Structure formats: structure tokens, C-alpha cells
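Hi all, I'll keep this short. Have a look at the model on the screen, and then I'll walk you through a few spots.

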Protein chains: 2
Amino acid sequence: MDRFVSTFTNKLDAKGRVSIPAPFRAVLERDGYRGAGASGIYCYPSIDAAALDCGGERLAQKIDGLLAGLPDYSEERDELSVALYGDVQVLSIDGDGRIVLPEELRAHAGLATQGTIAQVTFVGLGDKFQIWNPEAFESRRKIAREKAMEHRKLLGGKG
Amino acid sequence: MDRFVSTFTNKLDAKGRVSIPAPFRAVLERDGYRGAGASGIYCYPSIDAAALDCGGERLAQKIDGLLAGLPDYSEERDELSVALYGDVQVLSIDGDGRIVLPEELRAHAGLATQGTIAQVTFVGLGDKFQIWNPEAFESRRKIAREKAMEHRKLLGGKG
DNA sequence: TAAGAATCCATTGACGCCCATGAAATCCCA
DNA sequence: TGGGATTTCATGGGCGTCAATGGATTCTTA
């Protein structure tokens, strides 16, 4: 099974375009493949971080899976649907492997607005990936490493 | 089951390439085999040492296993994912059994940057192997031996 | 028709792929 | 058992391709 792995930093140009790292594109194409040109990625503000969650078909199905457990027409389901689907944007990938990040998403991730040139960091998380402001991600990474230290015994323990 | 054993030291050339010791390559091919050319090794900064941890498919599955227990969309999972997947680089092995070490990884392992030529040491650790700066590893090895001596005395004393 | 958006084209620099060289270990056969 | 032949590896370098990026051109829509 293909996963989104490792991190890449690309340029966000004056038009708001940014190239999706080639390895991620490859995963997307195999995963949520939908015919040439018509393919797109699901992208929404991360609930608990100043970042964007992105993925392909598999991610969408996972969201569906969360809702599947709840009864139809229940209030709880409606609320969760809104939370999960409400802010999702489907971004189309152009012929050169780039997407355009809408203003609303950039605001949430703390990426430069307007015609400013900036950098964005793509972080692979297995079955999805996140888009970060590079500096913000660097500090988050430090925290993550410390957490990983705590889990270290788990890593070494099982053979 | 094949294991990575013993240590080898190879040259890191001006392009940042280094040959993977043939015995390790053999293990990788049997382990994480994925069709010709498409194969690669998973490599990330060691959490508690100035070295790089590397392995094949088996190592990747181990990481998956750690995450499998955590619920989707939990903050804890995201955090651990960052540490586990975010720092991982998938290095492809060329036709001659070489990989290129990206700048970020070389920095962590204290390997010469830029076009400088250097040596790197491959250390087998069973189901994974590490990449070290030769001098750093040598001093580390001394400590390990001393520790081993102490253990032996303790063990012998009881018997 | 103007502004914004989407598509197309061009440049450049990195990376993957291929071949050549040389050293060392292994094998083979007398 | 020794010496020559063969194969395996590590290493160096050249070249072609592809990805990232910037800019131009066309399409859409108000």
C-alpha cells in the first residue's frame, strides 16, 4: 500500500500556485485516480493545528467510514458531517502537477496572502498529508520528536 | 529471516552517493522487494543518536503497526505520525546499489556537506541498520564494549 | 472588454540511469 | 596447492530525463 512519506518544501508563487511533490502525486494518482486531468485532492483545515489536511480517495472513504457508524438523520450525524465535510475543498491538479490554494485555506494555515511569494511544507502522514507554513511546522516537529522519544520503547521492543 | 549484521565503511562521493554494502542490499532485496528499480529504503534520523536508521519494507510495516492502534483523527495519532512519517525519507537504490543522502539527513549524522568527499559507516542491527560518521561510531563502539564488559562481570559474578 | 482563472510553454537545475575502471575476492584446473 | 581466469563490488564520471518554477497565452465571466 502506498503511503505519503517524508516532507518537502515548495514555492507558492504570486498566483497562489504550488507544485505537489512528485512522490505525493504518484500516490494520489494510484489512490484516488479519476481519469486524466479530472483528478483532484480533498483538502480542509486541520481541526487541531494551523495546517491543511489533504488526501485522495482513500481519505474521503475514511471520512465516510466515520459517519457510517452513526444513524441516518441523527443530529449527531448531521453535526459531524458538517464538521468533516463542511470545510472540504476539492482542489484540481493542473497539467504541471500544481494546485491553487484558496484564500480561506491559506488563512487557516498561516500562509502569506495576496501576491506574496512564500514557501509551503508538505508533510506525509501515511494515508494523508498536511500543508504547513515552514516555520510553524518546524516547531511542531520538535514537539513531535519529543513525543516520539516517549514512545521509543515501543519502537525498540517488538521484534 | 535475514538480518543486517556487521559493519562496513564506504565512500560518500562528490554527488552525495554511497554504495550500500552488498550484504545489506541482499537483505533489502529479499525483504522490501518491490519490483526492479522501484525499490527503496526507508531512512530517518535516529532519535537518540547522531546517526540514521534505515530499513526496508519490514521497517515500514513496523511503523504502520505503531500507528494502527491509535484512532483516526486523534491528535495523538497526528503527532506521532509527524515524528514517524514526517522525518522519513524514501531513498531509491540505483542500478549500482547506491543511494544519495539528502542534505538534511547528512546534517543529522554529522556527515560532510556539499561536494566534500567523506566516509560513512554502515552498522547492522538485525532488522535495521544505521549509518554513522566513522569517528562518531568508533567512540560509540568503545562505550558499548565497556558496557558489555561490565555486564559480563555482573553475570559472571552471579554464576 | 477587462479581470480573473485556467491552460500551455520554456528554462534550468537536480536526479536517475548507464557505462567504464580498478581492486579484491572466488573459482577452477593443472 | 598455487597461479591464472572470472566474477563481484565499490567508485568515478557523463548524459538524458523529469520535476519545479516562472512567464505567456487563451478562456470565462461579469
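Predicted model: local features only at pLDDT ≥ 70, side-chain atom pairs only at ≥ 80, totals over all residues.

Residues are numbered from 1 along each chain as its sequence is written, with chains lettered from A and ligands numbered from 1 in the order in which they are written.

So, DNA strand D. It has 20 residues around it, and N10(A), N10(B) and K11(B) are among the closest; near means a C-beta atom, placed from the backbone, within 6 Å. By class, that surface has eight charged, six polar and six nonpolar residues.

Is it covered on one face or both? Both: F129(B) and I131(B) are buried on one side, Q130(B) and W132(B) on the other. Buried means 20 or more other C-beta atoms within 10 Å of the residue's own, again placed from the backbone.

Strand 8 of chain B pairs antiparallel with strand 4 of chain B over three bridges (pairing takes at least two DSSP bridges). There, L52(B) has I131(B) as its bridge partner. Strand 7 of chain B is also antiparallel to strand 8 of chain B, joined by four bridges, with T121(B) opposite W132(B).

That's my tour, thanks.

Terms used:
Nonpolar A, V, L, I, M, F, W, Y, C, P; charged D, E, K, R; others polar. Buried ≥ 20, exposed ≤ 12 C-beta atoms within 10 Å, placed from the backbone. Helix = DSSP H or I, 4+ residues; strand = E, 2+ residues; numbered from the N terminus.
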